[in-house]
Amino acid sequence: TLQDYIIGDPIKASNNLVALMAKYNIKDVDFDIENVTGLMANGSDNVVTFFKTLHKGLENTDKKVYLTLLGSISGGPKGALKPIFDNFDACADGVRLMMYSNVQFYIDAFNIGWGIKPWMDIVQDSSKISIGFYDKIAYETPQSSDPDYSASKYKDFPQNPTRAEAAIWIYEKVLSDLGLSPKQLDKPFIW
């Protein structure tokens with residue numbers, strides 16, 4: 001519900017979170033933004049103020065602020081979350097992209113709707129981008145799980161890989177397509 005996303009006073013809320021993190025030695029805070037509408041119902045200025053104040057409150061510590069969201073460009077940084085991404089470096093230390101649905105994955109280098117390159121153009125520092133993998137997706141059978149599947153795209157795909165081996169191959173292919181080394185993106189995560 002929208003009630004779950006009420007920030008209230010953004011400065012007080014962020015300062016309270018900084019204090020809570022210090023008190024309980026919480027290393028990082030990761031906002032899993034599943035309901036963009038609910039979050040942004042607080043008003044763009046309040047949301048940006050909340051994240052900026054939180055990020056500023058943690059900047060002299062080893063604690064980090066991450067945003068986890070669907071990998072859609074139009075649903076995120078070019079949509080309702082644009083005010084946050086217009087101020088990204090002041091609001092967060094990284095973005096974790098859930099590049100999947102319940103049955104398909106959307107991990108691609110250049111797709112304009114969900115590719116990593118459009119995200120790199122927005123975030124600008126690729127080391128702040130992390131690609132997410134969902135353990136229920138059949139990465140080992142991309143012909144049924146990749147909506148952009150083509151035989152040429154998967155010509156070097158290993159035969160009979162495990163799910164983990166297939167996910168690693170897909171991740172490395174995207175890096176290769178972008179001309180990046182693994183250290184140029186933040187480490188991937190499994191959901």
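Which residue forms a salt bridge with Asp146, and how far apart are the closest N and O atoms? The partner is Lys153, with the closest N and O atoms 2.9 Å apart. The model shown in these close-up views is predicted.

**Figure 1. Salt bridge between Asp146 and Lys153.** The bridge belongs to a network of salt bridges that links Asp108, Asp146 and Lys153. Asp146 has a relative accessible area of 6% and is buried. Lys153 has a relative accessibility of 18%, and because buried means under 20%, Lys153 also counts as buried.

**Figure 2. Salt bridge between Lys128 and Asp89.** The structure holds 11 salt bridges, and in the one shown here the closest N and O atoms of Lys128 and Asp89 are 2.8 Å apart. The pair links distant parts of the chain, 39 residues apart: Lys128 is in the loop between helix 6 and strand 4, and Asp89 is in helix 5 (residues 88-91). Lys128 counts as buried, at 18% relative accessibility. Asp89 is partly exposed, its relative accessible area being 45%.

Figure 3. Lys173 is partly exposed, with a relative accessible area of 21%. Asp177 counts as partly exposed at 36% relative accessibility. Side chains of opposite charge can pair when their charged atoms come close.

**Figure 4. Aromatic pair of Phe85 and Trp119.** The structure holds 15 aromatic pairs. The rings of Phe85 and Trp119 are edge-to-face, at 5.6 Å centre to centre and with 70° between the planes. Phe85 lies in helix 4 (residues 82-85) and Trp119 in helix 6 (residues 116-123), so the pair ties together parts that are 34 residues apart in sequence. Phe85 counts as buried at 6% relative accessibility, and Trp119 counts as buried at 0%.

**Figure 5. Aromatic pair of Tyr100 and Tyr134.** The two rings are stacked, with 5.1 Å centre to centre and 20° between the planes. Tyr100 is in the loop between strand 3 (94-98) and helix 6, while Tyr134 is in the loop between strand 4 (129-133) and helix 7 (142-145). The pair thus links distant parts of the chain, 34 residues apart. Tyr100 and Tyr134 are both buried.

**Figure 6. Aromatic cluster of Phe105, Phe133, Tyr139 and Tyr171.** Ring pairs link these four residues, Phe105, Phe133, Tyr139 and Tyr171, into a cluster.

**Figure 7. Strand 2 and its pairing with strands 1 and 3.** Strand 1 (residues 28-32) pairs with strand 2 in the parallel sense over 5 bridges. Strands 2 and 3 run parallel and are joined by 5 bridges. Asp30 stands opposite Tyr66 of strand 2, and Leu70 has Met98 in strand 3 as its bridge partner. Of the 7 residues of strand 2 (residues 64-70), 5 are buried, so this strand is largely enclosed by the rest of the structure. In a regular strand, side chains alternate between the two faces of the sheet.

**Figure 8. Arg96 over the ring of Tyr66.** Arg96 lies over the face of Tyr66, at 3.9 Å from the ring centre. Tyr66 is also the residue of strand 2 that Asp30 stands opposite.

Methods:
Residues are numbered from 1 along each chain as its sequence is written. This is a predicted model: local features need pLDDT of at least 70, side-chain atom pairs count only at pLDDT 80 or more; totals for chains, interfaces and linings use all residues. Side-chain values use heavy atoms; hydrogens and water are left out. Rings of Phe, Tyr and Trp (its six-membered ring) pair if their centres lie within 6.5 Å; planes under 30 degrees apart count as stacked, over 60 as edge-to-face and the rest as tilted. Helices (H or I, at least four residues) and strands (E, at least two) are DSSP runs, numbered from the N terminus. Buried means under 20% relative accessible area, exposed over 50%, partly exposed in between (1.4 Å probe, protein chains only). A charge sits over a ring if NZ of Lys or CZ of Arg is within 6 Å of the ring centre and within 35 degrees of the ring normal. Two strands pair if DSSP finds at least two bridges between them. A salt bridge is a side-chain nitrogen of Lys or Arg within 4 Å of a carboxyl oxygen of Asp or Glu.
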